[in-house]
There are 2 protein chains.
Amino acid sequence: MKAQESMEDLLDEIKEELEKGVEKLRILEALRPQDFIDILERLDSEDRRKLAVMIPDSVYVEIIAKLPQQVLNDVLKVLGIRRLARIAIELPVDELADLLEALPPSLRISLLRELPAWKIAEVRPLLKYPPETAGGIMTTRIPAFYEERLVGNAVEEFIARSEFEGYDTSRYIYVVDSKGRLRGIIDIKRFLTSPRNKKLRDIMMRNYIAVKADIDQEEVAKLVVKYDLDEVPVIDDEGVLLGAITADDIMDVLVNEATEDLVKFGGIVKIREPYLAARIRELVRKRIVWLIALYLGDLISVTIISRYEALLSAVIALSFFIPVLTDTGGNAGSQAATLVIRSLAMGEARLSFSDALRIIAKETATSLIMGALLSPIAFSIGYIMSGNALVALTLGLAIILVVYVGSIMGAMLPMVTARLGLDPAVISAPLITTVADATGLTMYFTIATLLINYLHI
Amino acid sequence: MKAQESMEDLLDEIKEELEKGVEKLRILEALRPQDFIDILERLDSEDRRKLAVMIPDSVYVEIIAKLPQQVLNDVLKVLGIRRLARIAIELPVDELADLLEALPPSLRISLLRELPAWKIAEVRPLLKYPPETAGGIMTTRIPAFYEERLVGNAVEEFIARSEFEGYDTSRYIYVVDSKGRLRGIIDIKRFLTSPRNKKLRDIMMRNYIAVKADIDQEEVAKLVVKYDLDEVPVIDDEGVLLGAITADDIMDVLVNEATEDLVKFGGIVKIREPYLAARIRELVRKRIVWLIALYLGDLISVTIISRYEALLSAVIALSFFIPVLTDTGGNAGSQAATLVIRSLAMGEARLSFSDALRIIAKETATSLIMGALLSPIAFSIGYIMSGNALVALTLGLAIILVVYVGSIMGAMLPMVTARLGLDPAVISAPLITTVADATGLTMYFTIATLLINYLHI
């Protein structure tokens, strides 16, 4: 809740002090750990390293697993391996796993050598699963007790263990059988206030939702949102309790996946780095591929138009309206695509044949009505601007077809990609535009040719 | 975690049974409350009302505040006011506030008349705040105690009150002074396990984050994500504790705002309804305005091209490349815009002058490199496809300018809208395309004219 200007002032002050070669920055003491992430991102590499030396370990424990790769690399250059190990020991296991993933292989090996065996034992189960699965984002430091234990006995151990080493979660107590299989969960409030002579199995809730370790984190997030869960236990194929995923990790998933969808829709391959911290080379690399691919895709349009050279020479005004026609098809397509992508992402529409039919029916009705409303506008404006009846008629008719085809394609492309096992959000707005252009132009010139032949305009 | 096919089978079975006029559906008993939302959405209005009668109150308590408006309207037609009141009494206050907002005014008044005074007293503070602010999404049923109370004494009351009426939150205990101002928070685990003869003020955490009731829910979500909060207390201008916002409500905010951003970027005015349940009339209404507005915007392009009628008649091949040029400008613009929108949404880039300069510098470097890479491709392909050196040279030069201008505009439009106090996500991909088209075409034809005049091609 810091004013925007004060961040600027703060940065200027920090840069000035660093310039002077100050070894200890007094102002840093007033900051929250998360503010350091913002500051580190905004400094250049040199200042970043100078500042990184001064940041205390307790702050690194809060932020190191969240630093963008580029910033982390600079920080690692000034943290010795001993200091890194001290910080790593304090991290929750899921964050330690993230950090290990982000380290260059040689440093990862050195760090693992420095860590105590019990810490490695805790983190190992997480490293088995890819970082974007339930197993990759779970924590294994959770309160789990055998179902036959007495409440009083379990509460005492819970309190002792909480004080000694802490848990990463404490919303629920997990109850397991003798083979470690999850049997029930107990709300912490209920756990601490139940009669102490009861068994855990007598007070546990048997109706809970658990996820398998290998399912995608996005699927977990959907379940959490749908069923308003606070915490989700993670189990293996035999039902053995492996860990739990907390609400704050799910929020990170939601934010990342949602903004990733937006970025993909804008025609960019996955960028996880914050924009301001990303290197130019990286930005060019992620964007140029798409720009070139779409450029080549648009050459289909060039080919189509060039085939009608004779028609265009005769009625040059037909060329004036090319952008308005292709854009409208693309716009109708983006609208339909975003609605369908959202619907699939929220688990509302499914990939079934019957939902596809429902969507086609809805888009057919919607787009034909929209086309009917746009058509007289297109005709009138076309006639006023070109003074040519052929052009006006062509525009009035083509716009209906263009909106219809654009909408159906925009709606179906995400369904098809999802069916192929790809993320529906890879259907970007530019891709729809490119596809819509080709069909739109073909219809435009076909209608113009037909009108010339049949109406002798 | 239901297979997609089984939802279809289930729906078919339900429809069949409803057809037969069955009064009680056995299969409903096996479903989770949230599954009813999916089912109600997919049924037509008639079947929906038939099914709505059979759904038990306990299920409505879980789902009624989450039903899309259209579905809710149908459900309300079969629920009597008495039954609605019984359900409403059981709702958490924030959900009751949402329900009251969604009811038609006459029904809202009848419902308020049926509710007990204590329930109205609980919900009234929420109704004072717009639904999309912190005050609108908070719950007021939270455990709050006076700072001078003894732990033992507070624990007893907490347990008694929990059993009697329950709290909507139980992650933290809130500690207030004699004027009701928030002074600290206590983790529930710490609260229940602290020595009973201590005062609350001695065990409370004084370092917490609270939000004012009138700030936007999106701002709350950003804080929660940034600082990994589980629950956020809401206070008024004097610091008086009003309520708290729970993690699950923040997740709903994140999902809604993120998908809203996506939908806006696709060129659609706010659609909160699920797509499959939305009425055609509604879909047309939300989409046609944009389509017409963008159509009219594209007429600027028509005007620009028509001014170069003489040039086009002389070199007709110039018209073939209109779509590829305008699309590329729009594509570069969408890329830049999505990155900046994301960066603003995540609180990474700020609306300061210095961040604007940083972004312009980054886009200038990135886009000029991309233009330099695209230029020889554009020239070569242009020469091969048109056999015309003027066209090829024009394409090769224009593409650099188009990518540059598209990127800078795409990056700056979200900054400018945000500065004007509007949501940066209203800068949709179609809008960028429309603006990029006009500048792109002007540059294209200007370069062609200059080349003709100076090179005498």
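Author: The angle between two helices runs from 0 to 180 degrees and is taken between their N-to-C directions, along axes fitted to C-alpha atoms over the stretch in contact. The model here is a predicted one.

Reader: At what angle do helix α22 of chain A and helix α19 of chain B pack, and how far apart are their axes?

Author: Helix α22 (residues 429–455) of chain A and helix α19 (residues 322–345) of chain B pack at about 160°, and their axes are 11 Å apart.

Reader: Are α22(A) and α19(B) then roughly parallel or roughly antiparallel?

Author: Angles over 145 degrees count as roughly antiparallel. The two helices α22(A) and α19(B) are therefore roughly antiparallel to each other. The crossing in which α22(A) passes α19(B) is right-handed.

Reader: Which residues of α22(A) and α19(B) meet?

Author: From α22(A) come Pro430(A), Thr433(A), Asp437(A) and Leu441(A); from α19(B) come Pro323(B), Asp327(B) and Asn331(B). Sorted by class, the residues of this contact are three nonpolar, two polar and two charged.

Reader: What does helix α15 of chain A do with α19(B)?

Author: The axes of α15(A), residues 247–265, and of α19(B) come within 8 Å and cross at roughly 160°. The pair α15(A) and α19(B) is therefore roughly antiparallel, and α15(A) passes α19(B) in a right-handed crossing. On the side of α15(A) the contact is made by Thr259(A), Leu262(A) and Val263(A), and on the side of α19(B) by Thr338(B), Leu339(B), Ile341(B) and Arg342(B). By class, the contact of α15(A) with α19(B) has four nonpolar, two polar and one charged residues.

Reader: How do helix α19 of chain A and helix α15 of chain B cross?

Author: Helix α19 (residues 322–345) of chain A and helix α15 (residues 247–265) of chain B cross at roughly 160°, with axes that come within 8 Å. That makes α19(A) roughly antiparallel to α15(B). Their crossing is right-handed. In α19(A), the residues Thr338(A), Leu339(A), Ile341(A) and Arg342(A) meet Thr259(B), Leu262(B) and Val263(B) in α15(B). The contact of α19(A) with α15(B) has four nonpolar, two polar and one charged residues.

Reader: What describes a pair of aromatic rings?

Author: Such a pair is described by the distance of the ring centres and the angle of the planes. Rings pair if their centres lie within 6.5 Å. By this rule there are 10 aromatic pairs over all chains. In one of them, Phe145(B) and Phe191(B), the ring centres are 6.1 Å apart and the planes are at 20°, so the pair is stacked.

Reader: Where in chain B do Phe145(B) and Phe191(B) lie?

Author: Phe145(B) is in strand β1 (residues 144–146) and Phe191(B) in helix α12 (residues 188–193), so that the pair links distant parts of the chain, 46 residues apart. Phe145(B) is buried, with a relative accessible area of 2%. Phe191(B) is buried too, with a value of 0%.

Reader: Are the rings of Phe158(B) and Phe191(B) stacked or edge-to-face?

Author: Their centres are 5.5 Å apart and their planes are at 85°, so the pair is edge-to-face. Phe158(B) is in helix α11 (residues 151–164) of chain B, and Phe191(B) in helix α12 of chain B is 33 residues apart from it. Phe158(B) counts as buried, at 0% relative accessibility. In chain A, Phe145(A), Phe158(A), Tyr167(A) and Phe191(A) form one aromatic cluster.

Reader: Is Arg190(B) buried or partly exposed?

Author: Arg190(B) is partly exposed, with a relative accessible area of 43%. Its place is in helix α12 of chain B.

Reader: Is Ser375(B) buried or exposed?

Author: Buried means under 20% relative accessible area. Ser375(B), with 13%, is buried. Its place is in helix α20 (residues 353–386) of chain B. Leaving aside neighbours within four places in sequence, Ser375(B) is in contact with Gly396(B), Ile399(B) and Ile400(B).

Definitions and conventions:
Residues are numbered from 1 along each chain as its sequence is written. Chains are lettered from A and ligands numbered from 1 in the order in which they are written. This is a predicted model: local features need pLDDT of at least 70, side-chain atom pairs count only at pLDDT 80 or more; totals for chains, interfaces and linings use all residues. Side-chain values use heavy atoms; hydrogens and water are left out. Helices (H or I, at least four residues) and strands (E, at least two) are DSSP runs, numbered from the N terminus. Angles under 35 degrees count as roughly parallel, over 145 as roughly antiparallel, 65 to 115 as roughly perpendicular and the rest as oblique. A crossing is left-handed if the near helix is turned anticlockwise from the far one by less than a right angle, and right-handed if clockwise. Contact means heavy atoms within 4.5 Å. Ala, Val, Leu, Ile, Met, Phe, Trp, Tyr, Cys and Pro count as nonpolar, Asp, Glu, Lys and Arg as charged, and the others, Gly among them, as polar. Rings of Phe, Tyr and Trp (its six-membered ring) pair if their centres lie within 6.5 Å; planes under 30 degrees apart count as stacked, over 60 as edge-to-face and the rest as tilted. Buried means under 20% relative accessible area, exposed over 50%, partly exposed in between (1.4 Å probe, protein chains only).
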